[in-house]
Amino acid sequence: MALRHLLTVGAVLLLGAPVIAQSVTGNIYGIVRDEQGAPFPGVAVTLTGIGAPLEATTTESGEFRFRNLSPGQYKMTAVRAGFSTAKSPTIMVSSKQNAEVALTLKVAARTEAMLVTGQVPLLDARKSNVGVTVTKLELESIPTARDPWVILQSVPGIQLDRVNVAGSETGSQTYFVGKGMPPSQNAWTLDGVDWHQRAGANGLGSTALYFDFESFEEIQVTTGGTDPSTQTAGVQVNVITKRGTNDFKGSARLFKTDKRWVAANTPDELRLQLAAGGANPASNTVDGTQDYGAEAGGPVLRDRLWLWGAYDHDQIDLIVAGGLTDKTTLQNFTVKLNAQPFKNNTMTLFFNRADKIKLGRDAGTTRPQETTWDQAGPNT
């Protein structure tokens, strides 16, 4: 009886797994040809990069595939007796994207062949959704405020209700719409796990936490043709965090803004009105911001077990019209453990604790400092 119950529970868990989390992986599809362009069967293809090496053998049509890969950079080699080894440059894999690869094998007497193509196709016949994937390189290189809502500004078809100037809105969530769908249909996932509030924030598709921007591996935004497993039809924002690899890697940062570096742009007419009403004529401005933290990861057991962790602290201090203060503190602590106990099986354990403390919410000319409310409480 106990064994039967155990098997039943195991079956339920296996069948329920696709419902619990959305896909955060990508795929590589490829073909190996000979010098005349004919498909080459029986070629051993090895993929290296994130996690343990993977192997595949080309079919009669010369095709191979590597599915459910973690986002990141990969390389591959193709080997067949009597032929030179074909090696690829870096192949970039993104969440829910398919990279197409073509390799050519030449006889051993000649120089080694190199990969000709290995990019995500402009028209991918294997998927129907419409959207944008913002990679880690783009997140690090494009000068923007440091939150995912700013990234949404660059996605075609999405409209936001505000602009994050100099990080002043990093402590507040931005409402957005896409392609005629109401904000209540928007959805957030963190590493594939549903993490949005349908009832919270007036049902406007808000997320249940604030994010550590430096922990992002990539952000995938879907505006149409969403996966049927998702429960809403609006904009889908899938935030994918970094993970440990066979190489020890890490980073630290400190960003700071001081009010002495910020210009005041309050019109003279408004200044006079505030002064006449007995209010401080100060304008909406940044009093000071700080963003500091670190992230690091590496192998616990090479090719089998990897660990990554991150800590983030954001301080956003604002002065609103009338000289009142609005202070926000955001803290994130994240740990991810990846394992590959067997060749074709992987496991991920993920922990995140996000805390927000906001003092002086809704302060303004019509709401004095003593009538504002303070917000606090972590999400784990």
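Start by selecting Lys96: is Lys96 buried, partly exposed or exposed? Lys96 is partly exposed, with a relative accessible area of 24% (buried means under 20% relative accessible area, exposed over 50%, partly exposed in between, with a 1.4 Å probe and protein chains only). Before you go on, note that this is a predicted model, where local features need pLDDT of at least 70 and side-chain atom pairs count only at pLDDT 80 or more, while totals for chains, interfaces and linings use all residues. Residues are numbered from 1 along each chain as its sequence is written, and side-chain values use heavy atoms, with hydrogens and water left out.

**Two positive phi angles**

Stay on Lys96, in the loop between β7 (91-93) and β8 (98-104) (strands are DSSP runs of E, at least two residues, and helices are runs of H or I, at least four residues, numbered from the N terminus). Its phi is positive, about 60 degrees, although Lys96 is not a glycine. Most residues other than glycine have a negative phi. Now pick Asn68 in strand β4 (residues 63-69), where phi is near 55 degrees. Asn68 counts as exposed, at 56% relative accessibility.

**Into the core**

Next, select Phe176, Phe211 and Val237: of the 25 residues in the largest nonpolar core, these touch the most other members (such a core is a set of buried Ala, Val, Leu, Ile, Met, Phe, Trp, Tyr and Cys residues joined through side-chain atoms within 4.5 Å). Elements giving two or more residues to this core include α3 (148-152), β17 (216-224) and β21 (305-320). Zoom in on Val237, and among the residues it touches, beyond those up to four places away in sequence, you'll find Leu152, Phe176 and Trp188 (contact means heavy atoms within 4.5 Å). There is also a second, separate core of 22 residues, including Leu47 and Phe64.

**A chain of charges**

Which residue forms a salt bridge with Asp291, the closest N and O atoms being 2.6 Å apart? Select Arg146 to see that partner (a salt bridge is a side-chain nitrogen of Lys or Arg within 4 Å of a carboxyl oxygen of Asp or Glu). The pair links distant parts of the chain, with Asp291 in strand β20 (residues 285-301) and Arg146 in the loop between α2 (136-141) and α3, 145 residues apart. Both Asp291 and Arg146 are buried.

Now widen the selection: salt bridges that share partners join Arg146, Asp212, Glu214, Arg253, Asp291 and Asp312 into one network.

**Last stop: Arg367**

Finish at Arg367, in the loop between β23 (345-361) and β24 (373-379). Arg367 counts as partly exposed, at 27% relative accessibility. Its side chain makes a polar contact of 3.4 Å with the side chain of Asp362 (a polar contact is a pair of N or O atoms within 3.5 Å; within protein, one must be able to donate a hydrogen and the other to accept it, and residues adjacent in sequence count only if both atoms are side-chain atoms). A polar atom of the Arg367 side chain also lies 2.9 Å from the backbone oxygen of Thr371.
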